[in-house]
Amino acid sequence: MLEPSVERMYIPHQPGLDGITVYWQNYEPGKGMVTIVCYGCAWNSYFGAMPENTIQEFFAKADVSYLVGRLGSTQFLKTNTTHLKYLARIIEAVKEALKAKEPQ
């Protein structure tokens, strides 16, 4: 088995959000995992059937509500409307940061 490549991304404080740290793990084309950490809480999901080459490319193109559904369960935050709205704001910030990194 190949060693996964891991990339760390930090997004500074956003309005209403603390800093966000994202760990992207690419196992092979089409298979990867994302871990998002914000304010002491973490969300993690494995994606094993992505048509894109990397987890970053897939995440950037995926619908926010789909990503919230995949990442929305955590031990410390109850899955309720407030939590899911908070997670959606975090995901949107990550997607914006990915967009800003794209070559123009």
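Analyst: Let's start with contact range: of the contacts in the protein chain between residues at least 6 apart in sequence, 39% join residues at least 24 apart (contact meaning heavy atoms within 4.5 Å). Mind that this is a predicted model, where local features need pLDDT of at least 70 and side-chain atom pairs count only at pLDDT 80 or more, while totals for chains, interfaces and linings use all residues. Residues are numbered from 1 along each chain as its sequence is written, and side-chain values use heavy atoms, with hydrogens and water left out.

The layout reads β-β-β-β-α-α-α from the N terminus, so you have three helices and four strands, taken from DSSP runs (H or I, at least four residues, for helices; E, at least two, for strands) and numbered from the N terminus. Of the 104 residues, 43% count as buried, that is, under 20% relative accessible area, with exposed being over 50% and partly exposed in between (1.4 Å probe, protein chains only).

Now your core. A nonpolar core is a set of buried Ala, Val, Leu, Ile, Met, Phe, Trp, Tyr and Cys residues joined through side-chain atoms within 4.5 Å. The largest one has 29 residues, and Ile-20, Val-22, Trp-24, Val-34, Ile-36, Phe-59 and Val-94 touch the most other members. At least two residues each come from β1 (5–11), β2 (20–28), β3, β4 (41–47), α1 (55–61), α2 and α3. The biggest share is from α3, with eight residues. Val-94 shows how this ties together: neighbours within four places in sequence aside, Val-94 is in contact with Ile-11, Ile-20, Val-22, Trp-24, Ile-36 and Phe-59.

Val-22 turns up again in the surroundings of Thr-35, along with Thr-21, Tyr-23, Trp-43 and Asn-44, not counting residues up to four places away in sequence. Thr-35 sits in strand β3 (residues 31–38) and counts as buried because its relative accessible area is 15%. Its side chain also makes a polar contact with the side chain of Asn-44, at 2.6 Å; the test there is a pair of N or O atoms within 3.5 Å, where within protein one must be able to donate a hydrogen and the other to accept it, and residues adjacent in sequence count only if both atoms are side-chain atoms.

One loop residue to check as well: Gly-72, between α2 (64–71) and α3 (81–101), is buried because its relative accessibility is 5%.
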